[in-house]
Each structure stands twice: as structure tokens, then as C-alpha cells.
Amino acid sequence: MPQAFQEWIQAQLDELKAQGLYRKLRILGGEQRPRAVIDGREVINLSSNNYLGLTTHPQLRAAAKAAIDRYGVGAGAVRTIIGTMAIHEELERKLAAFKHTEATLVLQSGFTANQAVLGTILGEGDLVISDELNHASIIDGIRLTKAARKVYRHNDMDDLERVLEQTRGEQYRKIVIVTDGVFSMDGDIAPLPRIAELAQAYGAVTMVDDAHASGVLGPHGSGTVHHFGLERVWDISVGTLSKAIGAVGGYAACSLALRELMEHRARPFLFSTAHPPSVAATCIAAVELLQSAEGQQLIDRLWENTRFFKRGLQELGFDTGISETPITPIIIGEGAKAMQFSDRLFARGVFAQGIAYPTVPRDKGRVRTIVTAAHSRADLEEALNVFETVGREMALI
Ligand SMILES: *Cc1c(COP(=O)(O)O)cnc(C)c1O
């Protein structure tokens with residue numbers, strides 16, 4: 001390596017340390033469970049996206065193992081060459097039935113699913129209008145296109161209308177409005193009914209990224225579009241298979257024609273290898289489970305736990321912001337203090353990630369919690385006790 005290059009890397013790392021943004025990865029010792037071994041000690045885990053506890057579900061494990069025995073461990077090629085197996089198409093049919101759309105297209109991750117959709121539908125002469133708090137994968141997906149872009153204030157429908165009104169005098173081939181369904185830092189839900197109305201009035205296409213809503217909101221966890229009963233008018237949903245579904249992957253749920261176009265244009269589809277068959281099999285088992293009585297029980301449990309834990313934090317006097325979902329932030333203020341709060345919780349046996357600027361505004365540093373269906377009441381009571389102890393120690397409550 002050239003000396004100057006080594007020095008540049010070191011300078012970047014030193015700068016992160018000077019800004020207090022440097023962090024070490026924590027290591028999960030065993031399985032992803034509500035009580036997990038993290039950095040060598042057992043803690044109550046309030047930081048996973050494993051909403052329904054499916055990462056360790058026996059049926060999903062069995063499906064993955066059976067697929068390995070039957071099909072091997074890899075797809076061997078991108079799907080346009082010869083990487084598409086019957087099991088990939090089966091997953092897409094099952095997901096389309098689950099989402100009540102004509103078609104779905106599965107990608108390697110939620111991250112690449114956003115790139116795939118945005119890269120296919122946006123080009124020169126188009127306009128994309130994006131919520132200011134949209135996920136990084138939407139922002140990057142937009143950056144890879146030549147479309148013009150405008151941003152509206154978070155969940156502010158008057159501001160979205162203002163931006164749409166500006167377009168009256170401008171010429172675009174098409175306009176796409178894109179939003180997260182559930183926002184990952186505050187746990188609030190996008191007002192899709194109003195977005196759909198405005199889109200209709202201005203002839204815009206609607207797209208939602210339901211990563212934190214898949215398996216969580218709507219009948220059987222089918223997402224925000226169903227939560228609001230908008231399946232007839234909403235155009236495109238992106239979902240992830242990496243959070244509540246418990247494995248890895250992402251998908252677009254859309255019309256058959258858009259799926260066909262993506263098969264020809266979406267670069268992550270064209271130039272990156274398909275999932276191993278075991279991942280497809282795991283996700284099929286998960287989608288089937290979601291639609292069963294057990295799936296509904298898990299979702300009900302998730303929401304019971306959410307209500308219990310959120311109420312507990314509020315009764316202790318913590319500020320849980322505007323959350324409406326299992327994502328519950330505890331807003332602390334100063335970033336360094338939020339990090340210290342997280343460290344002290346960990347020392348007492350609770351893992352809840354501290355989050356500071358630039359991920360959230362400077363005065364909105366927080367600890368973020370996500371409960372799952374797999375947490376027992378005892379887990380949550382113990383966690384609340386620890387929050388109380390550390391909160392008092394630090395004079396936060
Ligand atoms: C987690 C997340 C993604 C990325 O999904 P992966 O499947 O982990 O790549 C995309 N969008 C949003 C809103 C997310 O929260």
C-alpha cells in the first residue's frame with residue numbers, strides 16, 4: 001500500500017474518534033434471541049429487528065436444511081443466466097398472494113430492492129419526491145439515477161402538497177413519491193392515505209418501503225398499504241425478508257408489467273447472484289407461517305409486548321417520542337449522554353443501542369428499543385427495572 005493511502009485511512013479513523021463517532025462492533029455469541037450473549041455476557045436484547053422471533057424458528061430451520069439437501073448451497077449464477085430455481089419463483093408467487101399484488105420480484109436485500117425499483121422507474125426527465133427521513137437505501141437508490149429530486153419535511157403533508165404544487169409549472173415525464181412505511185428511528189407511521197390522495201391529484205406514482213412494517217402492521221403483517229386498506233390504489237411496496245421474516249432479502253410488490261421491466265432493467269437483479277435456495281425455502285416457510293394461526297398469535301404477542309413495554313417506559317417518566325410501533329426510542333438529548341446511557345444499561349444486562357448525530361438530530365440523541373414477540377413478560381419487567389435504575393442514576397427521570 002502507498003504510504004499516503006495508509007496515512008489517509010488512519011486520518012479518517014482518527015477523525016471519527018475525535019468526533020466521538022468511532023465504535024466497535026458488538027459480537028453476538030450464539031443465536032439471535034431475546035436473551036442473547038453479546039460481547040461474552042448474557043443480556044436482554046432490545047436491539048434486533050427480529051420482530052416475531054423467526055430467526056430461530058424450528059420450521060424455518062427445517063425448511064433451510066431440507067433445501068440444502070435437495071438443491072445444494074448456492075444458486076450458481078445471476079437469475080438472468082441460469083440462477084433462477086423453481087424455489088425462487090415459488091417464493092415470489094407466495095409473496096404476491098400475501099401482498100395481494102399481481103407480482104413480486106425478490107432481490108438480495110431490502111437495500112438492493114430499493115436500488116432495483118428506483119433504478120428501473122427513474123431516469124432523466126423524471127422527478128422523485130422523498131420524505132426527509134427516508135432510509136439510506138432510498139437515498140442511495142435515488143442518487144444512482146438521473147432524476148430530479150425534491151425533499152419534503154418529515155410526514156408533513158402540507159409540505160408535500162407545496163412541493164407538488166411547485167411542479168405545476170415544470171415539465172416531468174413522471175413524478176414518484178417515496179416514503180418509508182414505518183420510520184426506523186422514531187417508530188412513526190407514514191400517512192399513506194393522504195399521500196395516495198395527493199398522488200392521485202397530481203398524477204404521481206406511489207412507492208413505500210415497508211422494511212419495518214413487513215410482518216408487523218396490517219392483516220397477518222402484510223404491511224402499511226393493507227394497514228390503511230389502500231391495496232387498490234397504492235402502486236409499489238418494497239419489503240424486506242431480513243427483519244420480521246427472519247432471514248435475508250428484499251422484494252418489490254407491484255404489477256406484473258413492472259416486474260417484467262425490472263427483470264430487464266434492475267441492475268441488482270441483472271448483475272448480482274440469486275439467493276441460495278435455503279434462503280428462498282426459509283422465506284417461503286416464513287410467509288406460510290405469517291398466514292397461519294400461529295403467525296397471527298406471534299403478531300398479537302408482538303403488539304401486546306409493545307404496549308406493555310412502551311407504557312412501562314412512559315410511566316417511569318421517559319420521553320418515548322412519537323412512536324406508534326414496536327420501535328420505541330427513549331429520547332435523551334445530547335448524543336454523548338445517550339451513548340453513556342446505553343453503556344450503563346449494557347453493564348446492568350440490557351442491550352439497547354445508543355444513537356446520536358448524524359443518524360438523528362444533535363439534540364435528539366436516544367437509545368432505541370425494539371421488543372419482539374419472543375420476549376417474555378419477565379424479560380420486559382427486568383428490562384424496565386434496569387431502565388429505572390440507570391435512569392435515576394443519571395437523573396433522567
Ligand atoms: C432495514 C431497512 C432496509 C434494508 O433492508 P435489508 O434487507 O436489511 O437490506 C431498507 N429500508 C428500510 C426502511 C430499512 O429499515
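Predicted model: local features only at pLDDT ≥ 70, side-chain atom pairs only at ≥ 80, totals over all residues.
## Around the ligand

Some contacts can be followed atom by atom. A polar backbone atom of Gly110 sits 2.7 Å from an oxygen atom of the ligand. In the side chain of Thr240, an N or O atom is 2.7 Å from a ligand oxygen. For Gly249, the distance from a polar backbone atom to an oxygen of the ligand is 3.5 Å. Taken alone, the ligand would expose 380 Å², and the protein buries 85% of that area.

The largest pocket holds about 950 Å³ of space. Its lining is made of 29 residues, with Arg23, Phe351, Gln353, Gly354 and Ile355 closest to the centre. Helix H14 (335-347) and strand S12 each give at least two residues to this lining; S12 covers residues 353-355. By class, the lining of the largest pocket counts 13 nonpolar, eleven polar and five charged residues.

The second largest pocket has about 350 Å³ of space. Among its 19 lining residues, Leu133, Met185, Asp186, Thr359 and Val360 lie nearest the centre. Here the lining splits into nine nonpolar, five polar and five charged residues.

## Enclosed cavities

Rolling a probe the size of a water molecule over the atoms shows where empty space is left. Across the whole structure, the search turns up two cavities of 30 Å³ or more.

The largest cavity contains about 90 Å³ of space. Residues that line this cavity include Arg79, His88, Glu92, Val106, Leu107 and Gln108, along with Phe269, Ser272 and His275. Helix H4 (86-99) and strand S3 (103-107) each supply at least two of the lining residues. In the lining of the largest cavity there are four nonpolar, five polar and two charged residues.

The second largest cavity has about 40 Å³ of space. Gln32, Arg33 and Pro34 are among the residues that line it, as are Asn45, Ser48, Asn50, Thr372, Ala374 and His375. This lining divides into two nonpolar, six polar and one charged.

The peptide bond that runs from Tyr357 to Pro358 is cis, and its omega is near 10°. Pro358 is found in the loop between strand S12 (353-355) and strand S13 (365-370).

Asp39 is not a glycine, yet its phi is positive, at about 50°. This residue lies in the loop that links strand S1 (35-38) and strand S2 (41-45). The loop between strand S7 (205-209) and helix H9 (224-227) is where His220 is placed. Its relative accessibility is 29%, so His220 counts as partly exposed.

How values were computed:
Residues numbered from 1 in each chain as written. Heavy atoms only, no water. Polar contact = N/O pair within 3.5 Å; in protein donor to acceptor, adjacent residues only side chain to side chain. Areas by Shrake-Rupley, 256 points an atom, 1.4 Å probe, with all protein chains shown as cover. 1 Å grid on protein atoms, 1.4 Å probe; cavity = no way out; pocket = protein on both sides within 12 Å on 5 of 7 lines; lining within 4 Å. Points joined across faces, edges and corners; volume = space filled by probe spheres on them. Helix = DSSP H or I, 4+ residues; strand = E, 2+ residues; numbered from the N terminus. Nonpolar A, V, L, I, M, F, W, Y, C, P; charged D, E, K, R; others polar. Buried < 20%, exposed > 50% of the residue type's maximum accessible area, 1.4 Å probe, protein only.
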